[in-house]
Amino acid sequence: MTTEEKPANEEAVQTPVKAKSAKSRSYFYGAAMVAAIGMFVYVGGSVGTDMVRQVIGNSKGADQVMVTALMLNIALILLIWRRTTELSGEVDVYRKAEVRAQHLAITDPLTNLYNRRAIKDKTTELSARAARRGKSVAFLMVDLDGFKKINDLYGHDVGDQLLREAADRMREVVPPSSIVARLGGDEFGICMVFEPEYPETVDRVAEDLVEILARPVTIADTDQTVTGSIGISRPEFDCDSIDQLIRRADIALYAAKKNGRNGFSWFENGMEVELRTRNTLEADIRAAIPNDEFVPYFEQQINLETGKLVGFEMLARWVSPTRGLIPPDEFIPVAEETGMIGDLSMGIIRKALLEAKDWDPSLTVSVNISPVQLKDPWLAQKLVKLLVETGYPANRLEVEITESSLFKNLSLAQSIVGSLKNQGIQIALDDFGTGYSSLAHLRALPFDRIKIDRSFVSSMLDNAESEAIVNAIAGLGASLAVPITAEGIEDETVIAKLHELGCSKGQGWHYGQPMSIEQTRRLLADYGLLVGKAKPHKKKANKPKSGDDKDDKKVANG
Ligand code: C2E
Ligand code: MG
Ligand code: MG
């Protein structure tokens, strides 16, 4: 894609330079011609007068030196005339090349649309023309969803074809006077004129764009589908420059992507603030990873039959010196979106495993793996490396994955899960019941455990639907011989019911909120469940602190 741009740009830069030099040479020859003609008139006049005098017998003839000068002068004029003719042809060629170079300088060679360099000037011109006619312009920032995946998977040729097709389709649906540009990669900008009282016209164009972009493209006998997300801005409402207009469309595009892609959003003032907040959060997370500010918290997991502590679910927390203690739903989505989740997660898991190494061998640790991490073909190797480095046994580690991560790439997920299981790591299906709850997914992967989402468990006593879902999942687990963990146990009354249904494990605030490393150590020391180099906790047993220090221990270990 970009390879074509280099020679084109070189030509665009060099041609005007050459044309300028040809033009200045032609001025030089023009001036030389004028001088030569002047000299010709002077010398010719003198020789002519002498010859006339010779004819009437007044003189002995023309001066020989002057005649030679006249001959040389004629030769000079002929020479300059020939050079000037040649040069005018050259200037003509350069003039045409200059026009082409100007075209190249503002055109994207792949799609033949305007390029990023041109969009600002062209939008400014169109906007001024529209204003003179009492009309307005809208700027549409279009981004292809899922393009990168196809580009990575099928190569740049297929990617290029897809971009060309997308460009043709866009040109097809926008009003004829619109400006369409490729701003780089899979991002396009469109500026269109509309009647300010009827912004619905822009909505309709955006709808058509979304619809036409989502149609499959047949490339090399395969159907490829990408969709388009669009952010729209208009210059009224305190927008004082074209730069700002384009930036606002970009902000609105971000909102369109956040709203699920394959759609469009108009810019609203709140979006700018939201984006700024999010960007600050992203920068803070980036800085917090090397600063070691992400730490594991641990939530107790209890055997519902014996009431004994059998392990912990590790839950990430951000202990920020400026923001305080931040729960995972505030930073995990940003870390996922920006590709930081891998490093962040591995850092916390490492800390958790180093800590869990000192626990009694009967205790397990469960870690959550994000759907984004399940796209990493090296995930299993990375986890195994952590186990080796920390010396934590694989058979005491459980990896929790959610159903949604299986949709993205089931075969890759199967291969990762296969590698993990080969190492003896247990696999749990987290938050079951909240997504598709598909039997096919349950069968596609050899899960060691299903976790019923806390939303059903915590409401099962006063919501018949929740109770029915818990019953159904418990039944499913029994028939597939997969043990069940119930999340979100908030009071004693549900425990008996869950046990009756065959749930083997449970966790929830009834047993205590997630605890810091130190709180967990104190609890385990109280139970006599710390081994290794760990120092036993001095405090008397049976009064462990919970995450917010308000829950008492409800577990009978020992
Ligand atoms: P999850 O895996 O379903 O985690 C359990 C969540 O339920 C935890 O919230 C826990 O504090 C909460 N919870 C437990 N018992 C109760 C209860 O009785 N009542 C209520 N209302 N809530 C309860 P937390 O720690 O806020 O985590 C939320 C989600 O964040 C987790 O859901 C998990 O999906 C994600 N998460 C946490 N740590 C990590 C991590 O290290 N990596 C990834 N990828 N995700 C993580
Ligand atoms: Mg979980
Ligand atoms: Mg869960």
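## Polar contacts of ligand 1

In this predicted model, an oxygen atom of ligand 1 lies 2.9 Å from a polar side-chain atom of Glu313, a polar contact being a pair of N or O atoms within 3.5 Å. A polar backbone atom of Trp509 is likewise found 2.9 Å from an oxygen atom of ligand 1, and a polar backbone atom of Ser370 is 3.5 Å from a nitrogen atom of the ligand. Taken alone, ligand 1 exposes 790 Å², of which the protein buries 84%; these accessible areas come from the Shrake-Rupley method with a 1.4 Å probe.

## The shell and the pocket

Ligand 1 is surrounded by 20 residues, the closest being Glu313, Asn368, Asp430, Arg454 and Glu490, where a residue is counted if one of its heavy atoms lies within 4 Å. By class the shell has 9 charged, 7 nonpolar and 4 polar residues, with Asp, Glu, Lys and Arg taken as charged, Ala, Val, Leu, Ile, Met, Phe, Trp, Tyr, Cys and Pro as nonpolar, and the others, Gly among them, as polar.

The space taken by ligand 1 is the second largest pocket, a pocket being an open set of points on a 1 Å grid over the protein atoms alone, where a 1.4 Å probe fits, with protein on both sides within 12 Å along at least five of seven lines; a molecule sits in it if more than half of its atoms lie within 2 Å of its grid points. Strand 10 (309–320), helix 9 (328–337) and strand 14 (426–432) each give two or more residues to the shell, and strand 10 gives the largest share, 4 residues; helices (H or I, at least four residues) and strands (E, at least two) are DSSP runs numbered from the N terminus.

## The two magnesium ions

The magnesium ion (ligand 2) has Glu313 (OE), Asn368 (OD1), Glu400 (OE) and Asp430 (OD) as protein donors, at 2.0 to 2.2 Å, donors being N, O and S atoms within 2.8 Å of the metal (3.2 Å for Na, K and Ca), with water absent from the atoms, so sites may look incomplete. Asn368 in strand 12 (residues 364–368) and Asp430 in strand 14 link parts of the chain 62 residues apart.

Asp430 (OD), Asp431 (OD) and Glu487 (OE) coordinate the magnesium ion (ligand 3) at 1.9 to 2.3 Å, and Asp430 bridges the two ions, which lie 3.6 Å apart. Asp431 lies in strand 14 and Glu487 in the loop between strand 16 (484–486) and helix 17 (493–500), so this pair ties together parts 56 residues apart in sequence.

## Conventions

Residues are numbered from 1 along each chain as its sequence is written, while chains are lettered from A and ligands numbered from 1 in the order in which they are written. In this predicted model local features need pLDDT of at least 70 and side-chain atom pairs count only at pLDDT 80 or more, whereas totals for chains, interfaces and linings use all residues, and side-chain values use heavy atoms, with hydrogens and water left out.

Definitions and conventions:
Polar contact = N/O pair within 3.5 Å; in protein donor to acceptor, adjacent residues only side chain to side chain. 1 Å grid on protein atoms, 1.4 Å probe; cavity = no way out; pocket = protein on both sides within 12 Å on 5 of 7 lines; lining within 4 Å.
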